[in-house]
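Trainee: I would like to learn how to read a ligand site and a few backbone features. Can we work through an example?

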Amino acid sequence: MIEKIKTLLSEIEQLKASDANELEAARIRYLSKKGIISTLMDDFRSVPADQKREMGMRLNELKQKATEKIQSLKEQFETAGSTNACIDLSRTAYPVPLGTRHPISIVKEEINDIFKRLGFSIAEGPEVEDDWHVFSSLNFADDHPARDMQDTFFVQNDPQIVLRTHTSSVQTRVMEKAQPPIRIICPGRVYRNEAISYRAHCFFHQVEALYVDKDVSFADLKQVLLFFSKEMFGEDTRIRLRPSYFPFTEPSAEMDISCNICGGKGCPFCKHTGWVEILGCGMVDPNVLDNCGIDSKIYSGYALGMGIERITNLKYQVKDLRMFSENDVRFLEQFQPAY
Ligand code: DAH
């Protein structure tokens with residue numbers, strides 16, 4: 001009987017069926033009431049008592065193997081059958097929804113493009129920065145309010161390691177490594193410890209531009225600002241510069257453009273002034289050049305920095321800053337880059 005079981009086991013292992021009828025025939029042969037295995041079960045009664053235990057186990061194993069094999073062959077037929085039924089090559093394909101670009105990256109690319117046409121190249125730096133690159137090298141006095149806990153995120157409570165509060169930190173990183181002429185723009189994300197509301201967020205994006213060479217003057221800066229504004233907001237755009245203060249530029253200015261929503265006539269967006277502020281700028285303070293190993297007696301430079309969210313708002317009038325980071329597809333899919 002043992003021999004018989006062994007032969008049957010190997011027979012079942014190699015069992016194949018090319019269609020459902022063959023499979024049913026195999027099932028009847030091995031597993032039906034009058035099939036081989038049932039007959040063996042009947043013979044089992046006459047097995048001597050001392051062999052009953054082992055024989056019983058082997059018989060059960062045989063029955064289980066046969067059931068599993070028949071079941072797996074059955075499943076093969078079923079899945080093959082369902083695939084065949086689904087293939088309809090004449091059917092129209094499902095539409096693949098195309099994603100859209102994020103408005104911030106659309107506008108960032110536009111800004112980059114304008115400066116690239118003027119010969120600026122892109123530079124990047126880390127978002128987790130040290131105090132030197134974000135503040136000290138840029139001429140911030142030790143007690144400058146921008147270092148205050150309220151503005152700056154410190155990493156692991158270490159006053160020397162911060163999340164950069166502006167992309168001006170990339171200026172110093174570049175100037176430390178390269179000698180003039182330097183002509184770079186630095187787009188990137190910045191962080192400030194602000195309460196989140198429709199008009200402020202704890203992170204946002206800036207683009208910084210820096211040009212250092214011999215004989216760079218405020219007139220060069222003004223020309224680039226005018227060119228940028230017209231390219232970005234249209235040929236009719238006017239600019240005005242108001243004196244301001246930044247630790248890293250001297251003299252410093254803030255630039256307004258004529259409100260591109262009302263054309264300068266006055267509207268709620270420009271608070272009825274006809275002007276909107278879009279960036280800070282100035283001549284690089286000689287201390288900053290010297291801090292970075294550039295001789296301020298030979299070289300001079302200008303720098304400017306703007307918030308990408310602000311420019312995006314002017315282009316698309318998004319009233320709530322939080323929309324930019326909420327990943328709401330209904331909002332995002334409205335933006336298409338202007339190719
Ligand atoms: N870093 C300044 C800020 O975050 C913006 C800025 C102002 C950048 C004047 C400049 C500049 O390069 O010259 O508010």
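Mentor: Start with a definition. A polar contact is a pair of N or O atoms within 3.5 Å. Keep in mind that this is a predicted model. Here, an oxygen atom of the ligand is 2.9 Å from a side-chain N or O atom of arginine 192.

Trainee: How far is the polar side-chain atom of histidine 166 from a nitrogen atom of the ligand?

Mentor: That distance is 2.9 Å. Serine 168 also takes part: an N or O atom of its side chain lies 3.0 Å from a ligand nitrogen.

Trainee: Which of the 15 residues around the ligand come nearest?

Mentor: His166, Ser168, Arg192, Gln206 and Glu208 do.

Trainee: Which helix and strands each supply at least two residues of the shell?

Mentor: Helix 7 (168-177) does, along with strand 6 (203-213), strand 9 (275-284) and strand 10 (300-307).

Trainee: Next topic: charge pairs. How many salt bridges does the structure hold?

Mentor: The general idea comes before the count. Side chains of opposite charge can pair when their charged atoms come close. This structure holds 17 salt bridges. One of them joins the side chains of arginine 29 and glutamate 11, at 2.8 Å from N to O. This pair links distant parts of the chain. Arginine 29 belongs to helix 2 (residues 20-31) and glutamate 11 to helix 1 (residues 2-13), 18 residues apart.

Trainee: On to the backbone. Is the peptide bond from proline 180 to proline 181 cis or trans?

Mentor: Read omega. For this bond omega is near 5°, and the bond is cis. Proline 181 lies in the loop between helix 7 and strand 5 (182-191). The bond from glutamate 250 to proline 251 is cis too, with omega near -5°. Proline 251 has its place in strand 8 (residues 249-258).

Trainee: And phi? Is the phi of asparagine 157 positive or negative?

Mentor: Positive, at about 60°, although asparagine 157 is not a glycine. To find this residue, look in the loop between strand 3 (154-155) and strand 4 (158-163).

How values were computed. Residues numbered from 1 in each chain as written. Predicted model: local features only at pLDDT ≥ 70, side-chain atom pairs only at ≥ 80, totals over all residues. Heavy atoms only, no water. Near = heavy atom within 4 Å. Polar contact = N/O pair within 3.5 Å; in protein donor to acceptor, adjacent residues only side chain to side chain. Helix = DSSP H or I, 4+ residues; strand = E, 2+ residues; numbered from the N terminus. Salt bridge = Lys/Arg side-chain N within 4 Å of Asp/Glu carboxyl O.
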